[in-house]
Amino acid sequence: MKKIRKLFPFSIYDISGIEHWLEDAANMGLFPIHFGLWVTFAQTGVSGTRFRLEACDKKSTTPSMEQLELYRSAGWEYALTISNVYYLFYTTDPSAKELYTDLQSRGFSLEKLEKKIRHYRRVHFAIYAVIAVFLIWTLFFFQSKWDVDPAPLKKIPVLLLFLCHPLVLVLLAAGGFSKLQSIRDYRLLRRTCQAFKEGLAPPPSAGPSRQKIREQKIMLALIPILIVTDLLLIGSTRGVFRVPVERFPKAYISLQDLEAEEVELTTYEALFGPSRFYEGENEAVHHLSLLAPTWYEVNQSVYQTGEGDFKGISYDPEGGKYRYHATLDMTYFELTIPAMARMVAESQMEVDRALNRRYTYTELSHPALDFAIYATSKDGILQALAVGKGGHVAVFSYGGMQKLDEHLDLLATMVTEP
Amino acid sequence: MGGKDRAALTEPMYYVLMSFLHQEMCGIEITEFVERKTDGRVRLGPGTLYTLLGKFQEEKLIEETQTEGRKRTYRLTEKGREAFLEELERLRACLLDGEEEL
C-alpha cells in the first residue's frame, strides 16, 4: 500500500492545530502511522474521523491497560505515540463522547506534560551549568602542579580562534536554533495548559505554518551537515588531517636552515626506522577559524646522524648516548583582525610553553616587524620567538643549540614575505 | 493541595468523589453513577475520568483496592472524604448566600 509522507507544519504543543490537521488528512483518506522527522500516512483514513492527543504518562510510552479499556468503552482507539509526548486516540463513531467533557480536566492532563518538560529543562540547565563551571574552572583556575609560571588568561585569544572554527559555529548555531524552538514551544504549552485549567479556550491555532515547514527543512538539511561536521571535528582533533612536512605546500622555516651546517641531521625514521612513538614529528596541521583564515602548525624534529655528546631534553632513543636532537614547532596565523596580532602571538607562546620551565621575555626590535618577542628558559635549551607584521603572526618554539634571536632576519621572513 | 488551602472542586471532581462515598468503584461504574445521579446533566468523558482518577490518586484522595485484568477498583481515603465534605460545606454556603439574596 502506498504511503504518503508530509512534513509536520506545527509546534508539537499546538494541540488543536495538530488534531484538525489529522482530521483534514482523514477526510482525504489518510491515516497517520508514524510520527518522526515527518509524518507517514497510510491511505486507510475514514472521512469524519476525530483525533485527540493525550499527554503521555511519565513512565510509559504506551497507554495503560486501564486507559485503553476506559477509552475503548467510550468508542476511542489508540493509534500511536507521538515523540513520547502524546498518545494519539481516534474514533470514527460520530456519537462517541468527547474524551474531555470539561476544560479543567484537560488542563490537569496537560499539567503532567508541562511538569515533565519543566523537569527536563531544569536538568538541561543543571548540565549546562556544570559544564560551564567545569570549563571556567579549567580555563581560569586549574593549575597543574608541574606549571611553574601559570597564566591561564593568556590562552584566551587562541581559544577564541578555536571557537570561531566555522564548524563549531555551525554546531553552536544549530544548538541555539533548536533551543529557541523549544523555548517557544514550551511557552505555547504553558499558555494552553493555563487556559484549560482556568476553564478557558486554549490559544487559537495559527494553522499549518510555512515557517514551521521551513524550520523542518532547515533541520533536515542540518542533520547531514552536523554529522559531517562532527566527523570533521573529531578527525581534526585526532590528527587525521595532518600532512607530512615534505608534502606541505605552504611557507615555513626549515629546521635544517636554522641548524649549524657542520652538524649532519636527519629524521628519526631515517635513523631507526618507523616507530609509533615518533608519529607526529615532521608533520603540518591545518586549522580553520573565521578569525584566522590561514592558520597552520609545522612541527619539525631532527637528529644528529653521528654519535654526539649533547645532553638534550628529549627522550634518548639509544639508551644513554645522547644523540643531538632539535625541534622547531612553528604556528603561523593570518588574522582577520590585525589588532589581535600581538595578543594571539603571546597567547600561542603561552600555549607552547613547557610547563616546568620559567621563561624570560624580551622585546626585540626589527625594522620590518611590528613586534618581536623572544622567550628563553633559564637553562637556555628551550626558546620561543614570536614575530608579527600587520595581521601576520608566526610563533616559533625551539629546542636545540641555536639562539633564535640570532636568526631573527630568517624568522621574520615568515611575516614580511607571506 | 491539602486542608483549608484546597481549591474548589470542579463539578466532575465533586461527582467523582461522591461516587465513592458508599462503595468501591471502577471507572465505568463511576461514569454510570455520575450520569444516573445527575440525570445525564454531567457526563464524564473517558479522558476526564482517567485524568481525575490519576490526580486523586496522586493527592491520596482515593486509593486503588484491586486490579482485575484491565479493570481497576478504587476507594475513598479519609483525606478524600474530608475533601468532599469541605466542598459540600462550601456549596451549602453558596446556596444559602444565594437564597438570602433572593
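Predicted model: local features only at pLDDT ≥ 70, side-chain atom pairs only at ≥ 80, totals over all residues.
Me: Why is helix α4(A) called roughly perpendicular to helix α9(A)?
Reply: Look at the crossing angle. The axes of α4 (residues 156-163) and α9 (residues 341-352) of chain A cross at roughly 100° and come within 7 Å. Angles of 65 to 115 degrees count as roughly perpendicular, so α4(A) and α9(A) get that label.

Me: Which residues of α4(A) and α9(A) meet?
Reply: From α4(A) there are Ile156(A), Pro157(A), Val158(A) and Leu161(A), and they meet Met343(A), Val344(A), Ser347(A), Gln348(A) and Val351(A) of α9(A). Sorted by class, this contact has seven nonpolar residues, two polar ones and no charged ones.

Me: What makes strand β15(A) largely enclosed by the rest of the structure?
Reply: Burial is a neighbour count: a residue is buried if 20 or more other C-beta atoms lie within 10 Å of its own. In β15 (residues 392-399) of chain A, seven of the eight residues are buried, so the strand is largely enclosed.

Me: How do you know that β15(A) pairs with β11(A) and β14(A)?
Reply: Count the bridges, since pairing takes at least two. Strand β11 (residues 325-334) of chain A is joined to β15(A) by eight bridges, and the two run antiparallel. Here Glu334(A) stands opposite His392(A). Strand β14 (residues 382-389) of chain A is also joined to β15(A) by eight bridges, again antiparallel. In that pairing, Leu385(A) has Phe396(A) as its bridge partner.

Me: What lies between β14(A) and β15(A)?
Reply: Two residues, and the strands form a hairpin. Gly390(A), in the turn, has a positive phi of about 60°.

Me: Why does His407(A) count as partly exposed?
Reply: The cut-offs settle it: buried needs 20 or more neighbours, exposed 12 or fewer, and partly exposed is in between. His407(A) has 16 C-beta neighbours inside 10 Å, so it counts as partly exposed. You'll find His407(A) in the loop between β15 and α10 (408-416) of chain A. Leaving out residues up to four places away in sequence, His407(A) touches Leu258(A) and Gln402(A).

Me: Why are β1(A) and β2(A) called edge strands?
Reply: Picture the sheet they belong to. Three strands form an open, antiparallel sheet in the order β1-β3-β2 (chain A). The strands β1 (3-7) and β2 (31-35) of chain A each pair on one side only, and they are the edges. Ignoring direction, neighbouring strands here are turned by 30° against each other on average.

Me: How do you know that β2(A) and β3(A) pair?
Reply: Pairing asks for at least two bridges, and β2(A) has four with β3 (residues 38-42) of chain A, in the antiparallel sense. For instance, His34(A) stands opposite Thr40(A) in β3(A).

Me: What makes up the side of chain B that touches chain A?
Reply: In total, 18 residues of chain B are in contact with 21 residues of chain A. The elements giving two or more residues to chain B's side are α2 (27-37), α3 (46-58) and β3 (71-76) of chain B. Of these, α3(B) gives the most, with eight residues. By class, chain B's side has seven nonpolar, six polar and five charged residues.

Me: Where is confidence highest and lowest in chain B?
Reply: Helix α1 (residues 11-19) of chain B is highest at a mean of 95, while strand β2 (residues 62-68) of chain B is lowest at 85. Chain B as a whole has a mean pLDDT of 89, and 94% of its residues reach 70 or more. For the complex, the predictor gives an ipTM of 0.86 and a pTM of 0.73.

Terms used
Residues numbered from 1 in each chain as written. Chains lettered and ligands numbered in written order. Axes fitted to C-alpha atoms, helices over the stretch in contact; angles between N-to-C directions. Parallel < 35°, antiparallel > 145°, perpendicular 65-115°, else oblique. Contact = placed C-beta atoms within 7 Å. Nonpolar A, V, L, I, M, F, W, Y, C, P; charged D, E, K, R; others polar. pLDDT = per-residue confidence, 0-100.
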